[in-house]
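Please view the sequence and the structure before reading on.

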Amino acid sequence: MRTKNGNTLKKTIGATAVSAALLLSLAACATDEPEPVENGDDASPSTSTETESQTLIAAIGGEPDQLDPHITSAYFSFQVLENVYDTLVEPDENLAMQPALAESWEVSDDLLTWTFDLREGVTFHDGSDFTADDVVYSYKRIIDEALNPSWRFASVTDVVAVDDFTVEIQLSSPTPNLLAAIGGYKGMSIVSQANVESGEIVSNPIGTGPFKMESYDVADSIVLSANEDYWGGAPAIDELEFRFIAEGSTALTALRNGEIHWTDSIPPQSVEDLSSESGISLGQVGSSDYWYLAFNMNRTPWDDVRVRQAVAYALDREAITTAALLGNATVNQTAIPASSDWSSDYAPYSLDLETAQSLMDEAGVDSAEMELMVSSDYPETVTAAQVISAQLAEIGINVSITTLDFSTWLDGQANGDFDMLMMGWLGNIDPDDFYYAQHHSTGGFNAQGYSNPEVDELLDSGRTTADPEARKVFYDDAAKIIVDEVSYLYLYNPDVVQAWSDSVQGYVARGDQAIRFRDASISE
Amino acid sequence: MIKKIFSRPTGVFSLLVLATIFFIAVFGQLITPQGPNEINVANMLQPPSPEHFFGTDELGRDVLSRTILSAQVSMQVSLISVSFALFFGTAAGVMAGYFGGWLDNLLMRIVDVLFAFPVLLLALAIVAILGPGIGTATFAIGVVYVPIFARVARSSAVSVVQEPYVKAAKTVGASPLRTITTHLLPNIAAPLIVQTSISLAFAILNEAALSFLGLGAQPPTPTWGRMLFDAKGFLDQAWWMAVFPGATVFLTVLAFNLLGDNLRDALDVTVDRKESK
């Protein structure tokens, strides 16, 4: 779900680390048992001061479906690819875009042409030089083949190599969020044409990033080795191994035993114990994901804004968040988390059964049957649904919970077979990511059937306005209407939770869930 | 027969336990300290205490109340599914045993095919096709037990059909239906009764297994298996979530099994125990 693809749902992907881990823990899997680390040519996890090579072992919740960054949509793939590929620009810890393969850029006065100066002397892992042609090839591949991330290029008319190290992106309309679009995640990676054409990119991707593919042991692990020629400086560790461990408790045991150095397969109920455990560092940061409820506005009585508001007043968000993630989340009434510059502090609703009841009375609804559609692949939705069901009973709404596997859930969403649904959107950076596709009347993911010309106009203006302050006003206004009319009923922003051995230095848990090991080192 | 069961301690124990479970299943709503779905998140994962004898679960629900009300659902599922199996299995077995010939061959080959699947695997396949839920789980468990009853009924019927009184009934022109209902069925009832008792135990286990896999009862309906499923993620934090419903399943299944054993001894029959796997 980190990926936001235009044609299929961006929700599909790996979800938050935690939910992905939980999801996979349901499927019994051959990769559960981590093997003890062998003391062969490579160092065991805790050796470091010796002259042997250093391997950092990270446990991820599942196996990548494939490693072509333009095609995969699985979070597990991007955990690996984050360390293999580069984008022109990339988000720093605060999700502000910083130079990467592009050293600098400028925008023309009409805001329709962006010119990027590329870093010189960068080479791919196979030794070939990185040039403007690679950028043009990568972007055109995404656009021409309508690959997953192609919607990010909606306003791009052409990508041109001006010279070997200058690329021009031409636009049909001003696109202030272009940097977020091309750098937001590794789905926008610059790939090697030879690698794509040989077909090897699926299992042996060649990028310009800090680590290169060393070996791939299907259903078990992927080993990367340090790229000594990395433009950002060679990584401190020699090898980076990703092991696939589906069961969160297994991964935690492996971490405690020193078999692995890092994991993000952490059940919410273990977070508290971990935070006080010696020898283990816990990284917990607010993410830019959000979880929400959406009504089917093509059905009565959910088409009545008063009924939707009544639901908003009848819910105790704190209780839902506590139940779903045991508090490892932040309650929010809009989509964008408080940590973002784009956040709004608009929060009109509070638990107020009297207001809820009078809204129901006003709407003339005594009681209602509601089918709440959730997915067993995202266990927090099933847990939250039970709390929601109990809370809505207070205002005469009788909730029946339908628990589906995620692909059936997606069908149900597409066909409108629900009264209300719960799900999350993950890996959002620009405010456009948070609101446009979900609430614009022509939005690709507006499954609830919301339509308000005023919101459409605000979201359109937000897309094409360059001045960040003016943009923020548009999005704040749009968010206010969306919240007031309950197009989505926002619940919370979950935390990213990762744990690693104290011997690992220089690793930081990031809100966008990018797993970057290039600055990590291992000490005794 | 009843006397004989009461004369043995295991028999008394099983009857007492089952009487309690049935009482709980019927009057559960009246005796639970709390609503089974009464959520109090502030009170989550509390260990057993005077307010909550069995502790609370991850949503602050009372584990005791949920365990009690699970009895209703679990007993319903096992009674309905075993009745289904008893009816259709016996019908198929008796027809095969009475008429013999090609009908016997046909029915028994079908039964053999069904029998070749492990019980739970077949139930899983049925639920996978029909969609999860308590209704389909009941149906699935019923279907997988049909072959067992069919075999038990047939093997008894085959020998009873050779008895002089059955032959006599046929000779004087009694219709097959009359022969079967008045002469055959009463004389093959004993093994079926024993089989029913044992199957009830395994139906409860299978319902728990299906619910544990998320394919039986859907939240928030409490069943023992569903409670164990929910408890799985909290074994480190809240042992009581798993121990109490688990112990109840254990006791119930044990009681049905002991009753079955005692019935078998009292009625002097041999039983096909393949399903115990």
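## Contact between chains A and B

In this predicted model, 13 residues of chain A are in contact with 12 residues of chain B, where contact requires C-beta atoms, placed from the backbone, within 7 Å. The model is predicted, and local features need pLDDT of at least 70, side-chain atom pairs count only at pLDDT 80 or more, and totals for chains, interfaces and linings use all residues. Residues are numbered from 1 along each chain as its sequence is written, while chains are lettered from A and ligands numbered from 1 in the order written.

On the side of chain A that touches chain B, helix H9 (317-325), H11 and strand S16 (397-404) each supply at least two residues; helices (H or I, at least four residues) and strands (E, at least two) are DSSP runs, numbered from the N terminus. H11(A) gives the most, with five residues.

Helix H8 (residues 176-212) and helix H10 (residues 239-267), both of chain B, have axes that come within 8 Å and cross at roughly 170°. H8(B) is therefore roughly antiparallel to H10(B), a term for angles over 145 degrees. Among the residues that meet are B:Ile193 and B:Leu205 in H8(B), and B:Phe256 and B:Leu263 in H10(B).

The table gives residue classes for both contacts.

| Side of chain A that touches chain B | seven residues | six residues | no residues |

Ala, Val, Leu, Ile, Met, Phe, Trp, Tyr, Cys and Pro count as nonpolar, Asp, Glu, Lys and Arg as charged, and the others as polar.

A:Val387 is in contact with B:Ile39, B:Val41 and B:Leu59, among others.

Note on methods:
Two residues are in contact if their C-beta atoms, placed from the backbone, lie within 7 Å. Axes are lines fitted to C-alpha atoms, for helices over the stretch in contact, and angles run from 0 to 180 degrees between N-to-C directions. Angles under 35 degrees count as roughly parallel, over 145 as roughly antiparallel, 65 to 115 as roughly perpendicular and the rest as oblique. Lists of a residue's contacts leave out its neighbours within four places in sequence.
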